[in-house]
Amino acid sequence: MREALIVWGGWAGHEPEQCAAIIRDILEEDGFKVYVEHSTEAFADPSIHDLSLIVPVITMSKIEKEEVKNLAAAIESGVGIAGYHGGAGDSFRESTDYQFIIGGQWVAHPGNIINYTVNITRPDDPLMEGITDFPYNSEQYYMHVDPSNEVLATTTFTGEHAYWIDGVTMPVVWKRKYGKGRVFYSSLGHVAKEFDVPQMKTIFRRGANWAAR
């Protein structure tokens, strides 16, 4: 049986505890044995090297050097990591080691909660099968991203809320490798209710399963 670890915490506005429960249910439905922890200390445990998947749900907060070192080593050795929105893309702002794993870092969401469009750029990829461009209401994440990411979906900024980024196309969903480990990230999912959006939930579910070894 594949085993997954969810670690939640950080800024409460992203409803990490509620989202961790939703993700636990998704993974259990897909046959995982799931462990849920509420401290970054879990990342320092040597046993994480035996997992199939790690899901961080921690916005901002801090991670100790020994924790991120062990996490990075586990991913490099083949453990998968899957994350979304600020729970993975705005975690541990001081840790460039962590950002190197994820492949991006949130820097802005002009206009805050707005309507925008998610454009599927790789409809041929199994993670995007049957999903077409869809409207979304949430924070439109502006991120600094790794050029080695394999981008599966994007969004384009209008410039309405920051005129100098008019027409900028930004990755929304990507996958990548970190050593032998698979990394999946989606910038969708500001609060728990966004898992009610079928496309968002399906993309995350597929991404987590893809990342898991």
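H85 is buried, at 0% relative accessibility; buried here is under 20% relative accessible area, exposed is over 50%, and partly exposed is in between, with a 1.4 Å probe and protein chains only. H85 sits in helix α3, residues 85-89. Helices, which are H or I runs of at least four residues, and strands, which are E runs of at least two, come from DSSP and are numbered from the N terminus. The phi angle of H85 is near 40°, a positive value in a residue other than glycine.

Before I go on, this is a predicted model, in which local features need pLDDT of at least 70 and side-chain atom pairs count only at pLDDT 80 or more, while totals for chains, interfaces and linings use all residues. Residues are numbered from 1 along each chain as its sequence is written, and side-chain values use heavy atoms, with hydrogens and water left out.

Which residues does S187 contact, leaving aside its neighbours within four places in sequence? They are H85, Y141, M143 and V172, where contact means heavy atoms within 4.5 Å. S187 belongs to the loop between β11 (181-186) and α5 (198-211). S187 also counts as buried, at 2% relative accessibility.

Now S61. Its phi is near 65°, again positive in a residue other than glycine. S61 is in the loop between β3 (53-59) and α2 (65-77). S61 is partly exposed, with a relative accessible area of 39%.

Next, a pair of helices. Two packed helices are described by the angle between their axes and the distance between the axes. For α1 (residues 16-29) and α5, the axes come within 11 Å and cross at roughly 60°. Axes are lines fitted to C-alpha atoms, for helices over the stretch in contact, and angles run from 0 to 180 degrees between N-to-C directions. α1 and α5 are therefore oblique to each other, since under 35 degrees counts as roughly parallel, over 145 as roughly antiparallel, 65 to 115 as roughly perpendicular, and the rest as oblique. On the α1 side, I23, I26, L27 and E29 meet K201, F204, R205 and A208 of α5. The residues of this contact divide into 5 nonpolar, no polar and 3 charged. Nonpolar covers Ala, Val, Leu, Ile, Met, Phe, Trp, Tyr, Cys and Pro, charged covers Asp, Glu, Lys and Arg, and polar covers the others, Gly among them.

Last, the record. UniProt lists residues 4-211 as "domain: ThuA-like", in an unreviewed entry. Over residues 4-211 the chain is 25% helix and 34% strand, and the end C-alpha atoms are 11 Å apart.

How values were computed: UniProt positions renumbered as here; feature names shortened; annotations may be inferred.
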